[in-house]
Amino acid sequence: MHGEYKVPGGKLVVVDFDLEDGRLRNTLVSGDFFLEPDHALERITAALDGLPAHLEARDIAARIDAGLPAGTMMLGFSAEAVGIAVRRALTHAADWHDYDWRLIHEGPQDPALHMAIDEVLTEEVAAGRRPPTLRVWEWAAPAVVIGSFQSLRNEVDAEAARRYGVTVVRRISGGGAMFIEPGNTITYSLYAPVSLVQGMSFADSYAFLDDWVLGALGEVGIRAWYQPLNDITSDQGKIAGAAQKRLSGGAVLHHVTMSYDIDADKMLQILRIGREKLSDKGIKSAKKRVDPLRRQTGMPRAEVIDRMIGHFRGRYGLTDDRLGAAELRAAEKRVADKFGTAEWTARVP
């Protein structure tokens with residue numbers, strides 16, 4: 001069996017082994033990582049040999065850690081990364097390059113339609129009717145997007161939202177509220193078979209699915225990293241927040257909103273949770289907590305998006321595509337039946 005795991009921001013870990021009577025045998029660990037002392041690799045291999053195949057990555061990591069020589073230095077990887085590579089082998093996980101990735105980047109669409117498109121395309125990938133897809137959003141109107149389990153009245157000042165003409169919609173994934181203004185955000189979704197993240201915990205999959213973004217940001221001069229559970233940040237402040245939903249049919253939706261520019265004063269008038277979080281952290285201005293891409297890069301928003309798409313294309317391959325007529329009809333029906341209704345938006349009042 002063969003498993004690979006590229007540590008987000010780190011190195012590649014490869015594990016090969018035989019599976020005999022439910023246990024790992026003849027194990028081989030390799031990769032482009034750094035490890036001292038040299039004989040620690042033998043200890044890692046010895047720790048894996050004979051392990052039962054049902055162990056989770058964290059349990060495998062504990063066995064490895066227990067067998068390492070004192071003072072071992074693991075650079076670019078960890079014992080847990082080895083455990084994840086083992087689990088990916090056992091679950092027959094896929095690699096990014098196993099898929100023919102498609103790109104959808106179309107004109108502005110209404111907030112509720114974006115919510116519906118996310119659900120429809122995830123289901124289409126799960127059913128095998130659509131290849132794995134990267135979709136870059138364009139917004140037709142300002143919006144607040146709340147998480148699936150958030151309380152509407154606790155998160156949004158309804159009067160302020162009406163005053164500024166901001167539409168409130170609810171997505172199918174969890175996480176916190178997002179304040180959106182057309183031209184001020186960069187939002188994208190990944191729709192992928194769940195096999196791409198097999199063997200990983202939810203927390204590990206967040207960083208794994210956005211590792212390409214860190215590479216793209218690095219190309220435009222931003223040193224960014226993933227801050228668990230779901231933030232992309234830099235030494236200048238938070239850049240983006242991610243959310244994820246896995247469907248029982250076998251697909252994962254992973255979407256991210258990045259701040260290109262921000263009207264912090266307006267955001268704090270509309271988002272109640274924003275005031276509370278900032279107060280909790282002793283920060284008086286959102287501008288000190290969120291640092292937009294416009295200030296950090298000096299680049300037009302369209303150029304940042306083009307550079308991101310180009311990085312993904314160069315790394316994994318990407319074929320231009322568009323939303324199918326049947327997919328659009330299905331999404332419009334979801335707006336009428338679900339995402340555009342008060343029952344859905346206020347399902348947690």
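This is a predicted model: local features need pLDDT of at least 70, side-chain atom pairs count only at pLDDT 80 or more; totals for chains, interfaces and linings use all residues.
Biologist: Which residue with a positive phi follows α8, and near what value?
Modeller: The residue that follows α8 is G221. Its phi is positive, near 95 degrees.

Biologist: Why is strand β15 (residues 251–259) described as largely enclosed by the rest of the structure?
Modeller: In a regular strand, side chains alternate between the two faces of the sheet. From β15, A251, L253, H255, T257 and S259 point one way, while V252, H254, V256 and M258 point the other way, and all are buried. The strand is therefore largely enclosed, the number of its buried residues being nine of the nine.

Biologist: Which residue of β15 is the bridge partner of I186?
Modeller: Strand β11 (residues 185–193) runs antiparallel to β15, and nine bridges join them. Strand β14 (residues 237–247) also pairs with β15 in the antiparallel sense, over eight bridges, and there A240 has M258 as its bridge partner. For I186, the bridge partner in β15 is M258.

Biologist: Which strands does helix α3 (residues 79–90) touch where it packs on the sheet?
Modeller: The sheet is open, with three strands in the order β1-β2-β3 and antiparallel pairing. Its edge strands are β1 (2–6) and β3 (23–31), each of which pairs on one side only. The direction of helix α3 makes about 50 degrees with that of β2, and the strands it touches are β1, β2 and β3.

Note on methods:
Residues are numbered from 1 along each chain as its sequence is written. Side-chain values use heavy atoms; hydrogens and water are left out. Two strands pair if DSSP finds at least two bridges between them. Helices (H or I, at least four residues) and strands (E, at least two) are DSSP runs, numbered from the N terminus. Contact means heavy atoms within 4.5 Å. Axes are lines fitted to C-alpha atoms, for helices over the stretch in contact, and angles run from 0 to 180 degrees between N-to-C directions. Buried means under 20% relative accessible area, exposed over 50%, partly exposed in between (1.4 Å probe, protein chains only).
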